[in-house]
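The sequence and the structure are shown first, and the discussion follows.

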Amino acid sequence: HHTLHTTHYTPHTTHHTYCTMSALTPEPGAVLGMGNPLLDISAVVPQEFLDKYGLQMANQILAEEKHAPMFAEMVANFPVEYIAGGATQNSIRVCQWMLQAPHSCCGYMGCIGNDEFGEKMKAQAAADNVTVSYMVDEATPTGTCAVCVKDSERSLVANLAAANNYKIAHLEKPENWALVEAAKVVYSAGFFITVSPDSMMKVAQHCCEENKVYCLNLSAPFIVEVPPFLEALKNLLPYVDYLFGNETEAMAFSKAMGWDCKDVSEVAAKAARLPKQNGGRQRTVVFTQGGEDTLVARDGVVTNYPVPEVKKEEIVDTNGAGDAFVGGFLSQLCRPVAKHISDMVRAGNYAASCIIKVSGCKMEGEPISL
């Protein structure tokens, strides 16, 4: 039985800068994301709409038959915004924005359709200076995600469509595997487990062999609640250097693993101690809890990092907040000169605070020097 050590992080009053170039800037392609590229269709909706489709706030699910008419209904009845999305792609775009590098430090792979939505996605990636290598499925439309916003909270319903058809053959093409070879840090949201666990495993093993950093997000309770997805997650975990999630996902994970954890801190500590292939690097588990402390478990210690307060009236919607946290975190993790974990968490919380003040995952202006 392990004793749980918790510490509270106290920030120093030194001056931090995120946007300095030079030796601190990662090489081109240092960060690679692999996931489900989706175009967010975002609208503020009434409670009746949520009830009609059985949606819960602060949740994310895959579209079923009953959700099929929902997308058209949103477009017909509410002012909608189309925003490039997909959890992993959001994180990668935020990471590149945080780095403010003249070159593209971040790459991304996933599957889109040959259509207008796919073109929107390509244009957004180019505008954000992210190098994308999309597999294009000629027969299937680009995936979409209904973002239903009410009282600044959001409920997500993903219709994966083309995103669901990503194949390992695309990853194995020499020009795409070159992106994997160039990367120092690879990240996937857990959502990609539903699509291409074999691609994830191949890249995770490569990272382990080459002593690179492999990062994974739990992403949603359903990932751990659906047996084949949980099985794929368990297979990946020995290769995971950084595991992300929020408090709801953490408790769902604990339950799925048959643990009797009473709080998120205990789950973080236990997850950090799970068997690991690359013994040279301890696993770090990072669980966010909205406005409550961010928890980081590593080396047998759980540290609480306070989250700077964002005024309620400043919050537009929470869509993309968790993705932005990861993007900010990765922007410090990928630096050639090692950063302290507190810098990674601070950057994560800063990026999340920017994203919740706008609709969807949109970066405006330049990140401030913190």
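In this predicted model, Asp40 has contacts beyond its neighbours within four places in sequence: Glu81, Tyr82, Ile83, Gly85, Gly86, Cys145, Val147 and Asn319. Asp40 belongs to strand β3, which spans residues 38-44. Its relative accessible area is 3%, and because buried means under 20%, Asp40 counts as buried. The C-alpha atom of Asp40 lies 10.0 Å from that of Cys148, although the two residues are 108 residues apart along the chain.

**Aromatic pairs**

A pair of aromatic rings is described by the distance of the centres and the angle of the planes. Over the whole structure, 12 aromatic pairs are found. Among them is the pair of Tyr108 and Tyr134, which is edge-to-face. This pair links distant parts of the chain, since Tyr108 is in strand β6 (residues 106-113) and Tyr134 is in strand β7 (residues 131-137), 26 residues apart. Tyr108 is buried, with a relative accessible area of 0%, and Tyr134 is buried as well, at 11%.

The rings of Tyr242 and Phe329 also form an edge-to-face pair, because their planes stand at 65 degrees and angles over 60 degrees count as edge-to-face. Tyr242 lies in strand β12 (residues 242-246) and Phe329 in helix α12 (residues 321-333), so this pair ties together parts that are 87 residues apart in sequence. Both Tyr242 and Phe329 are buried.

The geometry of the two pairs is as follows.

| Pair | Centre to centre | Angle between planes |
|---|---|---|
| Tyr108 and Tyr134 | 6.1 Å | 80 degrees |
| Tyr242 and Phe329 | 5.7 Å | 65 degrees |

Tyr242 and Phe329 are also members of one aromatic cluster, together with Tyr187, Phe244 and Phe325. A further aromatic ring, that of Trp177, has the charged end of Lys202 over it, 5.3 Å from the ring centre.

**Helix packing**

Two packed helices are described by the angle between their axes and the distance between the axes. Helix α3 (residues 87-99) packs against helix α13 (residues 341-355) at an angle of about 110 degrees, and their axes are 11 Å apart. Angles of 65 to 115 degrees count as roughly perpendicular, and α3 and α13 are therefore roughly perpendicular to each other. On the α3 side the contact is made by Val94, Trp97 and Met98, and on the α13 side by Ala347, Tyr350, Ala351, Cys354 and Ile355. By class, this contact of α3 with α13 has eight nonpolar residues, with no polar and no charged ones.

Methods
Residues numbered from 1 in each chain as written. Predicted model: local features only at pLDDT ≥ 70, side-chain atom pairs only at ≥ 80, totals over all residues. Heavy atoms only, no water. Phe/Tyr/Trp six-rings, centres within 6.5 Å; stacked < 30°, edge-to-face > 60°. Helix = DSSP H or I, 4+ residues; strand = E, 2+ residues; numbered from the N terminus. Buried < 20%, exposed > 50% of the residue type's maximum accessible area, 1.4 Å probe, protein only. Lys NZ or Arg CZ within 6 Å of the ring centre and 35° of its normal. Axes fitted to C-alpha atoms, helices over the stretch in contact; angles between N-to-C directions. Parallel < 35°, antiparallel > 145°, perpendicular 65-115°, else oblique. Contact = heavy atoms within 4.5 Å. Nonpolar A, V, L, I, M, F, W, Y, C, P; charged D, E, K, R; others polar.
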